[in-house]
Amino acid sequence: MIKDGKYWSALRSLEDIESMPPTSLSQTPLFQHLLSSLPSLRGQIKDAVTASVKQWLLDIRNISAQVGQLALEAMDTRTRRWRSRREKDPLLKSSRVGSAVEVVTYEKIEYNILDNDQLKVDFTPLYQCIHIYGALDALDEIRKSYQADRKAQSDLIIPEPLPLSSLRSVTQEIVGFFIIETHVLSTTGSFRSERDVEELWDALVKRLTSVVEASLRNEKDPDTYLAVKEVILGFVMTLESYSYLTGSLHSLILKLFEKYVSMIEKQFSTRFESIISQDDCLPMYVEKPVERDSVLDTVWLQPDEREVLSSSALPLSLPWSQAFYLICQDIRGFVQNFYQFIEGVAQHHRNIDDLLSKSLNNLLTDYISSSIAKRAEQTSNLSQIAQIVANLEHLEVACFNLERSLTNIRSSQRGGAIRVNASKSFASTLSWALARVNASIKSKLDDFPGLSEYDWTPSTREDAPSMYLDELVNWLTTVVDSLVIKEAYKEKAYRSAVEYLAGRLMDFMAGRNIPMMNENAISNILVDVDFLEDEFKRNGRPELCSVFQELRMTTSIVMSDKVQEYLVPTLRQTTYAIVKPKRLQALLEKLARYGSQCRDSPSRERGEKRRKEAEAVGRVFPGESR
């Protein structure tokens, strides 16, 4: 019977012999020999059934990977089925496989992982062994032996170090190992305790976490992290369905996620810097409807601008350059990569959305906005700076629309709102870029030679304006009007340029560079100012005339001989409030210096008068409005 594997029948036969009623054979030496052999025969049965279960454990170890593979494939099928259903129903988009709503709606197909067309796991040797040991009152012995054997097997599953290429096969073996343990636990009564299985599970999960982190320590490719996450997530979801605790594995996934985000952030930051540095700063050009639609589907715009561009005739020069389009395209790619990792992960962590907000703001502020600022600083071409301004305007708007669109695809309905705060940085860079536009215009104005070639002591007064002004006005209006920027920015550029001109002229009269001048020079300056104001009015910008108000008021006091009137406090505070005493004093001193050097008496007398007026202005207002 033992040789045939009929251990229970053999054990019953021994019990039958032992419990035979007394007969004539009971006193014979043969019967006594039989009775004395019973313990030895029981030992043979025990050894044989032990050897049988040891072989079974070896066989189980060899098929654990196949069991795990079938279970993981079944979970993958279930996941794909649920993803398809979730895409059709927006209300299910935040629910993952294993969630309450998925479990309720899951149409379970009867599929026994341990008994199917591909695999049949026979637990008979184990059950027989447990039965025999129970009959021999030695159940605790086989229980301890089984636990020790299974622990030894679990210790051999994970190699150290773990090649990442072997991770999938390792997780398959672990899944198979614990599916078998779950079956043993549920079918053998008190033979196995949940605590025994939990000890094996906790130890194995701890080792798996450790070796995965070690294998990824020097890994720089985010795609590798994504592949590892997919393997770990399938492993987690499968064993969660068998009620194993996976909190530490979720923590591992989130830890990998943070490193993954850091890597893709670095990867995309390099791309953004390259996009901006290589941009031609020319309007993007589209010829075909499909090209225009593709671009408009990628960038974030205000609805009214999108509508105007959608209905515009082709070919079309868009308001932004290639850089804005590529930046929007890569931001979408970054967000897609971000959520691709977290897809399917249990979302009880509000910091997922916070992490996306932080990463996006870092990219938008530290790499895109700052790189654009550097590009603007390195660019002297006015039209290129203007294109950078247009890009910044659209990026500022894009931040608000991006924040809205992310709300629709964020990972958790219970998470905090996603905040994109980079618009402040773009607004700051925009202001700086506009300042670069103004600075570039001022630099070009300095190149006009006539501005620095005035005669400050002419013998006569001119009726016609300086020759350089006509060219200067034509250049200014042509350049500013051609800039592809908002009208409000053009107005600021005009005002800045005119303020610069007025400032230069005022500096000639009140600054230190010109030591002296006469009334004829002032008159000639006023003729030039008249010409500039007439041109601005003719070009539809009369508001620019107000820029010369201080210059006109200051010179009118001198040319109309109204210094004494200016010294009257009530008149000074009302009529001449815009005039700065220090500048008026400086102008009077220059006129006085010219008069003192003249040889004719009237001029010298006028110079002395100016000197006294300058002293009077300086005494009455020693520190006011200087």
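Some ground rules before we look. Residues are numbered from 1 along each chain as its sequence is written, and side-chain values use heavy atoms, with hydrogens and water left out. Because the model is predicted, local features need a pLDDT of at least 70 and side-chain atom pairs count only at pLDDT 80 or more, while totals for chains, interfaces and linings use all residues.

Confidence comes next. pLDDT is the predictor's confidence in each residue, from 0 to 100. The protein chain averages 88, and 91% of the residues score at least 70. When I say helix or strand, I mean DSSP runs numbered from the N terminus: H or I over at least four residues for helices, E over at least two for strands. Which elements have the lowest and the highest mean pLDDT? Helix α3, residues 100-105, has the lowest at 61, and helix α6, residues 167-187, has the highest at 96. Where pLDDT is low, the predicted coordinates should not be read in detail.

Now to the helix pairs. The axes here are lines fitted to C-alpha atoms, for helices over the stretch in contact, and the angles run from 0 to 180 degrees between N-to-C directions. Helix α10 (residues 289-298) and helix α11 (residues 303-310) have axes 11 Å apart and pack at an angle of about 175°. That makes α10 roughly antiparallel to α11; the cut-offs are under 35 degrees for roughly parallel, over 145 for roughly antiparallel, 65 to 115 for roughly perpendicular, and oblique for the rest. Contact means heavy atoms within 4.5 Å. On the α10 side, the contact is made by Arg292, Leu296 and Asp297, and on the α11 side by Arg306, Leu309 and Ser310. These residues divide into two nonpolar, one polar and three charged. For those classes, Ala, Val, Leu, Ile, Met, Phe, Trp, Tyr, Cys and Pro count as nonpolar, Asp, Glu, Lys and Arg as charged, and the others, Gly among them, as polar.

The second pair is helix α9 (residues 247-277) with helix α12 (residues 322-342), whose axes come within 10 Å and cross at roughly 170°. So α9 is roughly antiparallel to α12. The residues of this contact divide into 19 nonpolar, two polar and three charged.

Asp137 is not a glycine, yet has a positive phi of about 60°; Asp137 lies in the loop between α4 (124-135) and α5. At a relative accessible area of 71%, Asp137 is exposed; buried means under 20%, exposed over 50%, and partly exposed in between, using a 1.4 Å probe and protein chains only. Asp561, again not a glycine, has a positive phi of about 60° and sits in the loop between α19 (549-559) and α20 (563-566). Asp561 counts as partly exposed, at 41% relative accessibility.

Asp561 brings us to the arginines, as one of the residues in contact with Arg610. Arg610 is in helix α23, residues 601-620. Is Arg610 buried or exposed? Buried, with a relative accessible area of 5%. The backbone oxygen of Val558 lies 3.2 Å from a polar atom of the Arg610 side chain.

Arg192, in the loop between α6 and α7 (194-215), counts as buried at 3% relative accessibility. Not counting residues up to four places away in sequence, Arg192 touches residues including Tyr146, Gln147, Glu181 and Val184. With Glu181 there is a side-chain polar contact of 2.6 Å, meaning N or O atoms within 3.5 Å; within protein, one must be able to donate a hydrogen and the other to accept it, and residues adjacent in sequence count only if both atoms are side-chain atoms.

Arg419 counts as partly exposed at 47% relative accessibility, and touches Ser357, Asn361 and Glu403, not counting residues up to four places away in sequence.
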